[in-house]
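Here is a short briefing on a predicted model. It covers a sheet, a helix and a cavity.

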Amino acid sequence: MQTSTNQSHDAGDTINCNSLPWLPLAPQVWIKILRLSPETESYTVIVRAEPGGVLPRHRHLDNAEIYILKGNGAHPQTGAFAQGDYVTERKGATHEPLVFQEETELLMISNGPSAFLGENDEVLYLMDVPMLQRLAEVAH
């Protein structure tokens, strides 16, 4: 992702996250796309949820790492979390819907897609690099 406030150099990139748009992901849940890597299928996003926001039931098709920037809550499979916590989500893990009780922001680094699931474990859609690319294009 590049915007006019981002800087790229041979040694790496600096991204002004404040200039990135919040994009809708789920009911009362938004994301900012920081990095997409089609070569590795990995991506980095910031997720923001309002009270009552719901992250739908999903399965991780690869490992993910999460750092809680703001808020507290309880994840049905990984337990309670609070600002400053680091959470790991393992490849193959299925997570029940996460309902946010308070405004929460988190940094998520995913090594691959997550599959959002229906009632019978059918894949409704993937959160992967192509889906995130389409979401960013619609916002522009």
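Six strands form an open sheet with antiparallel pairing, in the order 3-4-5-14-8-11. The edges belong to strand 3 (23–26) and strand 11 (86–89). Each has a single partner strand, so one side of each is left without a neighbour in the sheet. On average, neighbouring strands of this sheet are turned by 30° against each other, direction ignored.

- Strand 3 and strand 4 (residues 29–37) run antiparallel and are joined by three bridges.
- Pro24 stands opposite Trp30 in strand 4.

**The helix on the sheet**
- Helix 1 (residues 129–139) lies across strand 3, strand 4 and strand 5 (42–49).
- The angle between helix 1 and strand 4 is about 115°.

**The cavity**
- The structure holds one cavity of 30 Å³ or more.
- The largest cavity takes up about 230 Å³ of space.
- Its lining counts 19 residues, and the closest to the centre are Leu55, Ile66, Glu89, Leu106 and Met108.
- Two or more lining residues come from each of these elements: strand 7 (58–60), strand 8 (64–70), strand 11, strand 14 (104–110) and strand 15 (114–117).
- By class, the lining of the largest cavity has 13 nonpolar, five polar and one charged residues.

**Where sheet and cavity meet**
- Strand 8, strand 11 and strand 14 are among the elements that give two or more residues to the lining of the largest cavity.

Notes
Residues are numbered from 1 along each chain as its sequence is written. This is a predicted model: local features need pLDDT of at least 70, side-chain atom pairs count only at pLDDT 80 or more; totals for chains, interfaces and linings use all residues. Side-chain values use heavy atoms; hydrogens and water are left out. Two strands pair if DSSP finds at least two bridges between them. Helices (H or I, at least four residues) and strands (E, at least two) are DSSP runs, numbered from the N terminus. Axes are lines fitted to C-alpha atoms, for helices over the stretch in contact, and angles run from 0 to 180 degrees between N-to-C directions. Contact means heavy atoms within 4.5 Å. On a 1 Å grid over the protein atoms alone, a cavity is a set of points where a 1.4 Å probe fits but cannot get out, and a pocket is an open set with protein on both sides within 12 Å along at least five of seven lines; lining residues have an atom within 4 Å of a point. Grid points are joined across faces, edges and corners, and a volume is the space filled by probe spheres set on the points. Ala, Val, Leu, Ile, Met, Phe, Trp, Tyr, Cys and Pro count as nonpolar, Asp, Glu, Lys and Arg as charged, and the others, Gly among them, as polar.
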